[in-house]
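I set out to look up a few local features of this model and to write down what I found. The entries follow in the order of looking.

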Amino acid sequence: MKRKLLATLLSVAMVATVFTGCGSKAADAPAEDTKTEAPAEDKAEAPAEDAAEAPADDAAAGGGLVGVAMPTKDLQRWNQDGTNMKDQLEAAGYQVDLQFASNDIATQVSQIENMINNGCQALVIASIDGDSLGTVLAQAKEKNIPVIAYDRLIMNSDAVSYYATFDNYLVGKTQGEYIVKALDLENAAGPFNMEIVTGDPGDNNVNFFYGGAMDVLRPYIDAGKLVVQSGQIEKDDVATANWATETAQARFENILSSYYADGTQLDVVLASNDSTALGVANALAANYTGKYPVLTGQDCDIASVKNIIDGKQSMSIFKDTRTLAAAVVDMVKAVMEGREAVVNDTETYDNGTGVIPSYLCEPVFADINNYKELLIDSGYYTEADLQ
């Protein structure tokens, strides 16, 4: 995708007309971190039980009370998602009950139950485990509270009205294509050694990230041009619980000591996101002395962008959370007003009860050549953030 088009998309995403800014067819903390952002203008955190004291009729006078459930504060991207969602919903006139669940399923279930009981009129949920919310969402359905699945599809629940995410298959496909170009797999003789690190098996997005990348790379594996020395290729073998950096690092340290300690060159690591890529980079720093491999990522977390600048990560998929938040705000407006939301995919995302109408924003990649244009010029980060 051309650089000018990328910059245009990012700039347009910041205006009120969200749907010209995104769109394409087609994620361990201690349990005590269960604070919630106050639903009114007060930005200070408050205990979950105090998060939505205003009665439903008072909330309605201000545009309505919206519950926003995020998985954890431990990953930078969820903090950004939560902040952007809260800011944009409040700017649109809504009150917001924003909660983070410390990657604990029971905590998230309890938080959503509190949102329902405290009068939230719509729910936006980034689930920890896509299969874990059926019972509590049945309560939402009984009370006619619309549910929007945010970034992660909620599985096996007919309470889900809409799904908003980035084109997750395209995320993986873009990573795979980056590897093909970086190694010149079409022309180079090879073979090249590759290892694979993906995310939490309870996150439905993993299926798309892995699937998109492997649709590009599998033919080179089958042909012997890409060789996975560890033999760990299948999705279940390369998963990382909770997308945790420490878990990815521990697994990769074992791979390095078992298969690359004799000086075998590691040419490329397909890492599905930045928290797992950071684990790989940490393992490489401590245990590997060969030529640095191509290393992919996703989310453009600050630590990983710094690694890109330092030559310790090759690329990261940029998913502008401002853009996704804006798309969801538009969905919230529609469901609160009893209208159908605008979607651009009615085929891809079946949660087990049927296909969920979805809006897919388009991801792009950042690397050493374009990170300034994408991340700094667009106002996503400042120069100081990346020092």
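**Salt bridges**

I looked up Glu234 and found it partly exposed, at 42% relative accessibility. The model is a predicted one, and I read every value below with that in mind.

I then searched for the partner of Glu234. Arg218 makes a salt bridge with Glu234, and their closest N and O atoms are 3.3 Å apart. Arg218 belongs to helix H7 (residues 205-222), while Glu234 sits in the loop between strand E9 (226-227) and helix H8 (245-259), so this pair ties together parts 16 residues apart in sequence. Arg218 is partly exposed, with a relative accessible area of 24%.

I moved on to Lys235 and Asp236. These two form a salt bridge whose closest N and O atoms are 4.0 Å apart. Asp236 is exposed, its relative accessible area being 64%, whereas Lys235 counts as partly exposed at 26%.

I also checked Lys173 and Glu177. Their side chains meet in a salt bridge of 2.6 Å, N to O. Both are in helix H6 (residues 168-183), four residues apart, and about one helical turn separates them. I noted the general rule that an α-helix has 3.6 residues a turn, so residues three or four places apart point the same way. Lys173 has a relative accessible area of 29% and is partly exposed; Glu177 is partly exposed too, at 37%.

How many salt bridges does the structure hold? I have 11 on record for the structure.

**Asp151**

I followed the salt bridges that share partners, and they join Arg77, Asp81, Asp151 and Lys319 into one network.

Asp151 lies in the loop between E6 and strand E7 (160-166). I listed its contacts, leaving aside neighbours within four places in sequence; among them are Arg77, Trp78, Tyr163, Phe166, Asn205, Lys319 and Leu324. For Tyr163 I also took the C-alpha to C-alpha distance from Asp151, which is 7.3 Å across 12 residues of sequence.

**Helix H5**

I turned to H5, which spans residues 134-142, and asked which of its residues are buried. They are Val136, Leu137 and Ala140. Seen down the axis of H5, these buried residues fall within an arc of 95 degrees, so they line one face of the helix. On the face turned away from the buried side I found the exposed residues Thr135 and Glu142.

I next looked up what the buried residues of H5 pack against: helix H4 (105-117), strand E5 (122-125) and strand E6 (147-150). After H5 comes Asn144, which has a positive phi, near 55 degrees.

**H4 against H5**

I checked how H4 and H5 pack. The angle is about 10 degrees and the axes are 9 Å apart. Angles under 35 degrees count as roughly parallel, and H4 and H5 are therefore roughly parallel to each other.

Which residues meet in this contact? From H4 I have Val109, Ile112, Glu113 and Ile116, and from H5 I have Val136, Leu137, Gln139 and Ala140. I sorted the residues of the contact of H4 with H5 by type: six are nonpolar, one is polar and one is charged.

Methods. Residues numbered from 1 in each chain as written. Predicted model: local features only at pLDDT ≥ 70, side-chain atom pairs only at ≥ 80, totals over all residues. Heavy atoms only, no water. Buried < 20%, exposed > 50% of the residue type's maximum accessible area, 1.4 Å probe, protein only. Helix = DSSP H or I, 4+ residues; strand = E, 2+ residues; numbered from the N terminus. Arc of directions from axis to C-beta. Contact = heavy atoms within 4.5 Å. Axes fitted to C-alpha atoms, helices over the stretch in contact; angles between N-to-C directions. Parallel < 35°, antiparallel > 145°, perpendicular 65-115°, else oblique. Nonpolar A, V, L, I, M, F, W, Y, C, P; charged D, E, K, R; others polar.
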